[in-house]
Amino acid sequence: MGLKDSGARRGRLLASAAVLGVFGLAGCSAETSAQWSRLGLPEAASDRAPVMGEFWINMWIAAMAIGILVWGLIGWTVIAYRRRAGDPQAPRQTRMNLPMEILYTTVPFLIIGVIFYWTIRVQNEVQHDSGNSDVVVDVVGQKWSWTFNYKDTARLDDPTAGVYDVGTMEQTPTLYLPVNKSVRFNVSSPDVIHSFWVPAFYFKRDVIPGQPSSFELTPTKEGTYAGKCAELCGTYHSLMIFDVKVVSEAEYEQHLQSLADAGRTGSAMGHADQHDIEGADPEHKEEGPR
Ligand SMILES: [Cu+2]
């Protein structure tokens with residue numbers, strides 16, 4: 001194939017790629033296009049999201065800039081230094097090898113250094129803890145669902161008891177949170193490592209048995225969001241999903257009251273408590289199915 005042919009072929013390829021791209025974009029909903037603009041992140045619903053979202057976008061910009069530079073250098077070298085008719089054999093392969101090695105070693109270290117610096121800064125902001133949250137929820141990740149213990153029940157008859165909700169594999173639980181109130185999450189696991197993840201909060205925390213941990217964030221947007229276990233924890237890992245409903249304070253209080261009315265006062269620490277819940281399959285308490 002001659003040079004002219006390959007040029008024409010490349011042109012046709014580019015044209016069909018552009019047409020496909022236009023059709024692809026036209027077929028996207030507004031939501032999908034918005035998600036594209038966030039480079040895949042869901043719509044943000046917590047006060048930790050802006051700094052994390054910005055970091056995500058900036059890392060892509062940095063990666064693309066480095067990529068374009070490297071691809072550009074490769075392309076330039078290939079074209080400018082290609083072997084021409086009448087050239088002698090290939091040039092000496094070890095020329096400039098020492099400065100090249102030094103460059104290859106120091107530049108990645110510099111890049112990693114900058115990324116590391118920003119990672120620590122963003123991490124500190126995302127993990128910032130006021131130590132004085134409006135609401136406290138003890139989250140237990142158990143094989144194969146979640147337990148939510150609401151500890152701030154000042155408006156209920158017995159404020160010290162708290163109320164709880166235990167999910168099962170058949171009935172996934174829903175976590176209620178009041179909008180624009182800071183929430184303390186105390187996470188723990190009685191069995192294996194799980195991971196508490198609400199993608200819309202841009203926050204994830206591993207739930208490790210014997211190592212309870214704690215974090216704070218403020219849901220900023222009313223709505224229903226997906227929650228999942230982000231740690232491959234065993235056979236029924238995929239059933240460890242839950243919903244998060246961010247609601248008004250009044251609706252939140254109402255939900256706590258309805259849990260109290262259903263007799264779910266006190267706290268539940270995981271699968272051993274699942275049999276308290278109506279409709280829970282006794283087969284699935286304790287160790288869960290095998
Ligand atoms: Cu899990």
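Of the 290 residues in this protein, 33% are buried, where buried means under 20% relative accessible area with a 1.4 Å probe, counting protein chains only. Before going on: this is a predicted model, in which local features need pLDDT of at least 70 and side-chain atom pairs count only at pLDDT 80 or more, while totals for chains, interfaces and linings use all residues. Residues are numbered from 1 along each chain as its sequence is written, and side-chain values use heavy atoms, leaving out hydrogens and water.

Now the core. Which residues touch the most other members of the largest nonpolar core? They are Tyr-150, Phe-185 and Phe-196, in a core of 41 residues. Domain 2 (43–81 + 95–128) and domain 3 (135–273) both contribute residues, so this core lies between them. The domain bounds come from an automatic or database domain assignment. A nonpolar core here is a set of buried Ala, Val, Leu, Ile, Met, Phe, Trp, Tyr and Cys residues joined through side-chain atoms within 4.5 Å.

Next, the fold. The protein has five helices and ten strands; these are DSSP runs, with helices (H or I) of at least four residues and strands (E) of at least two, numbered from the N terminus.

Last, the largest pocket. Its lining has 26 residues, and Trp-76, Thr-77, Tyr-81, Met-100 and Tyr-104 lie nearest the centre. A pocket is an open set of points on a 1 Å grid over the protein atoms alone, where a 1.4 Å probe fits, with protein on both sides within 12 Å along at least five of seven lines; lining residues have an atom within 4 Å of a point. Helix H3 (49–80) and helix H4 (97–126) each supply at least two lining residues. H3 gives the largest share, seven residues.

Methods
Buried < 20%, exposed > 50% of the residue type's maximum accessible area, 1.4 Å probe, protein only.
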